[in-house]
Structures are given as C-alpha cells and as structure tokens.
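The sequence and model are shown first.

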Amino acid sequence: MTPDKKWRLTNAVGFLSGLLACLDALRDVRVLWPPDVVWEALRSSQRLELGGGIALIVVTLVTSALQRRTAAGR
C-alpha cells in the first residue's frame, strides 16, 4: 500500500471514529436542536464523548486539507 493510500485510510478511519463517537453520545437524547438544549441533556461522560468526537472530526479534516495543500505544492 502506498503512503498516500495509508494516509487517506487513516483519515477516513479517524473521521468515521469521530462520527460514531458523536452518534453514540447523542443516542439517548430526544432533542437535537438547539445546541444548548442538547448540551444540557447530556451527562458529563456523554459531553466528553461528543467533544472528543467533534475534535477527532476537525483534526482529520484539517490534516486532510493540509495534506492536499502539500501534495498540490510538490
């Protein structure tokens, strides 16, 4: 497997892991909007899981964008 494919696979797995963590945290919530109501409905462990999932999604999107920018600059 080429390094580029490994990098894309790692980003895809990271993004999906973050998405699944967010969905797992929101599994028992009955109201999904507005965000402050959702936040109040979550327990502290669910808040941590939601925050970690969102952080993982953001990190994979940023690293993917940076990887594309460096690949375009070659």
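## Helix pair and pocket

Helix H1 (residues 3–25) and helix H3 (residues 44–73) have axes that come within 8 Å and cross at roughly 155°. H1 and H3 are therefore roughly antiparallel (angles over 145 degrees). The model is predicted: local features need pLDDT of at least 70, side-chain atom pairs count only at pLDDT 80 or more, and totals for chains, interfaces and linings use all residues. Residues are numbered from 1 along each chain, and side-chain values use heavy atoms, without hydrogens and water.

In the contact (heavy atoms within 4.5 Å), residues of H1 including Trp7, Asn11, Phe15 and Leu19 meet residues of H3 including Leu50, Ile54, Leu61 and Ser64.

The largest pocket holds about 180 Å³ of space. Its lining consists of Asp4, Trp7, Arg8, Asn11, Ser64, Gln67, Arg68 and Ala71. Lining residues have an atom within 4 Å of a point on a 1 Å grid. H1 and H3 each supply at least two residues of this lining.

Methods: Axes fitted to C-alpha atoms, helices over the stretch in contact; angles between N-to-C directions. Helix = DSSP H or I, 4+ residues; strand = E, 2+ residues; numbered from the N terminus. Parallel < 35°, antiparallel > 145°, perpendicular 65-115°, else oblique. 1 Å grid on protein atoms, 1.4 Å probe; cavity = no way out; pocket = protein on both sides within 12 Å on 5 of 7 lines; lining within 4 Å. Points joined across faces, edges and corners; volume = space filled by probe spheres on them.
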